[in-house]
Amino acid sequence: MKLSQFKFNLPENLIAQYPTPERDEARLMVIHKSTGEIEERKFKDIIDYFDDGDVMVFNNTRVFPARLHGNKEKTGARIAVFLLRELNAESKLWDVLVDPARKIRIGNKLYFSEDDSMVAEVIDNTTSRGRTLRFINDSDHEEFKRDLYALGATPLPEYITREPEESDVTNYQTLFATEEGAVVAPAAGLHFSRELLKRLEIRGVQSGYITVHIGLGAFRDIDVEDLTKHRMDSEEMNADEKLVNLVNHAKDNGKQVCAVGTSVLRGISSAVSMGGHMKEYRGWTNKFIFPPYDFTVTTSMITNFHLPYSTMLMMVAAFGGYDLIMKAYQKAVAEGYKFGCYGDAMLILP
């Protein structure tokens, strides 16, 4: 498939800048692949489509406050720093993006606090992701991370044009986020309230957890028309024995395995064995999924509405079928559905 096939007209006012007041009150578009039927519901109605023994797989990654602002030594120039990932805890090394990048050289120091307790030195500017900073700080690792994160802000996507607010600290985090490491929230999981999770549990729907630390690669522009030539950034993931056993048992008993979000869909697909079951996997994945693709484990998925040309839209089209998904997107635009991480949701069923 070609990049240009994932273009559609999205008015800016349909990109959600805030979430719905209640997590499970977003609109839900239900897609039936077998019949092409499209229903319109509320997200909390999702329980109507699952039964005892079905499995929902959630991404339990936790977003950390990755947006910082520092001042360059001597000049005092204000520099925006985006923390990508910790490289070495003992040496306090971090991969970061800086803006404006042209002003930052190896050896430059950046000051992040008025009392100079949080200072970083640029030690490498050759990484594919931007820069490597070494924080000059004598605190133990736990205290250092606490102080660093206190200076940071919630890393909302660029298509949210407002500044992060205090409410985003909780809104841009799922209720089941336990494994720190993401700079992008697993948006489909944001719709699950405590009440809805409890109702699903009572109904007998089982919850499984995979960890996929979502990075900025999902938002990187694709600059090739031929999608086979695009390379995804690698993301750290973990599919453990407990999840694998849960998913394989459901599959063997003809139950649904529902991926909650494109990161989960990608993670499950990265941990598929030759026999079409899941296997344990801990490491990195750079799997890029676009149509056509054969999904052997996942039977249904929950996802938000994604922006044009995005890798997430391509994954959804691979799962739901290109023609049906693009038809659903046209309907979503026409009927004022909200797009992006704080937007409305879609459920794709067999």
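Trainee: Does Cys341 count as buried or exposed?

Mentor: Burial is read from relative accessible area: buried means under 20%, exposed means over 50%, and partly exposed lies in between, with a 1.4 Å probe and protein chains only. Cys341 has 5% relative accessibility and therefore counts as buried. Please keep in mind that this is a predicted model, in which local features need pLDDT of at least 70 and side-chain atom pairs count only at pLDDT 80 or more, while totals for chains, interfaces and linings use all residues. Residues are numbered from 1 along each chain as its sequence is written, and side-chain values use heavy atoms, with hydrogens and water left out.

Trainee: How many disulfides are there?

Mentor: A disulfide is a covalent bond between the sulfur atoms of two cysteines. The criterion applied here is a pair of cysteine sulfur atoms within 2.5 Å, and the count by this rule is zero.

Trainee: Which residues of helix H5 are buried?

Mentor: Helices (H or I, at least four residues) and strands (E, at least two) are DSSP runs, numbered from the N terminus. Helix H5 covers residues 262–269, and eight of its eight residues are buried, so the helix is largely enclosed by the rest of the structure. Its buried residues are Thr262, Ser263, Val264, Leu265, Arg266, Gly267, Ile268 and Ser269.

Trainee: How many aromatic pairs does the model contain?

Mentor: Rings of Phe, Tyr and Trp (its six-membered ring) pair if their centres lie within 6.5 Å; planes under 30 degrees apart count as stacked, over 60 as edge-to-face, and the rest as tilted. This rule gives 20 aromatic pairs. One of them joins Phe58 and Phe176, with 4.7 Å between centres and 50 degrees between planes, a tilted arrangement. The two partners come from distant parts of the chain, 118 residues apart: Phe58 belongs to strand E3 (residues 55–59), and Phe176 to the loop between helix H2 (168–171) and strand E11 (179–182). Phe58 is buried at 0% relative accessibility, and Phe176 is buried at 9%.

Trainee: What is the geometry of the pair formed by Phe295 and Phe319?

Mentor: Their ring centres are 5.2 Å apart and their planes lie at 70 degrees, so this pair is edge-to-face. Phe295 sits in the loop between strand E15 (281–285) and strand E16 (300–304), whereas Phe319 is in helix H6 (residues 311–320), 24 residues away in the chain. Both Phe295 and Phe319 are buried. Elsewhere, ring pairs connect Phe8, Phe305, Tyr329, Tyr337 and Phe339 into a cluster.

Trainee: Which ring does the charged end of Arg27 sit over?

Mentor: A charge sits over a ring if NZ of Lys or CZ of Arg is within 6 Å of the ring centre and within 35 degrees of the ring normal. The charged end of Arg27 is placed over the ring of Tyr337, 3.8 Å from the centre. Likewise, Arg162 lies over the face of Tyr18, with 3.9 Å to the ring centre.

Trainee: How do strands E8 and E9 run, parallel or antiparallel?

Mentor: Two strands pair if DSSP finds at least two bridges between them. Strand E8 (residues 109–111) and strand E9 (residues 119–124) run antiparallel and are joined by three bridges. Tyr111 stands opposite Val119 in E9. E9 is also joined to strand E10 (residues 131–136) by five bridges, again antiparallel.

Trainee: What is the bridge partner of Glu121 in E10?

Mentor: The partner is Arg134. Side chains of opposite charge can pair when their charged atoms come close. A salt bridge requires a side-chain nitrogen of Lys or Arg within 4 Å of a carboxyl oxygen of Asp or Glu. Glu121 and Arg134 form one, their closest N and O atoms being 2.7 Å apart. Glu121 is in strand E9 and Arg134 in strand E10, so this contact ties together parts that are 13 residues apart in sequence. Arg134 is partly exposed, at 31% relative accessible area.

Trainee: How many salt bridges does the structure hold?

Mentor: The structure holds 16. Among them is the contact between Arg41 and Asp48, at 2.6 Å from N to O. Arg41 is partly exposed at 27% relative accessibility, as is Asp48 at 43%. Another joins Glu201 and Lys198, at 3.6 Å from N to O. These residues are three apart in helix H3 (residues 194–203), which means that about one helical turn separates them. Salt bridges with shared partners also join Arg27, Glu40, Lys331 and Glu335 into one network.
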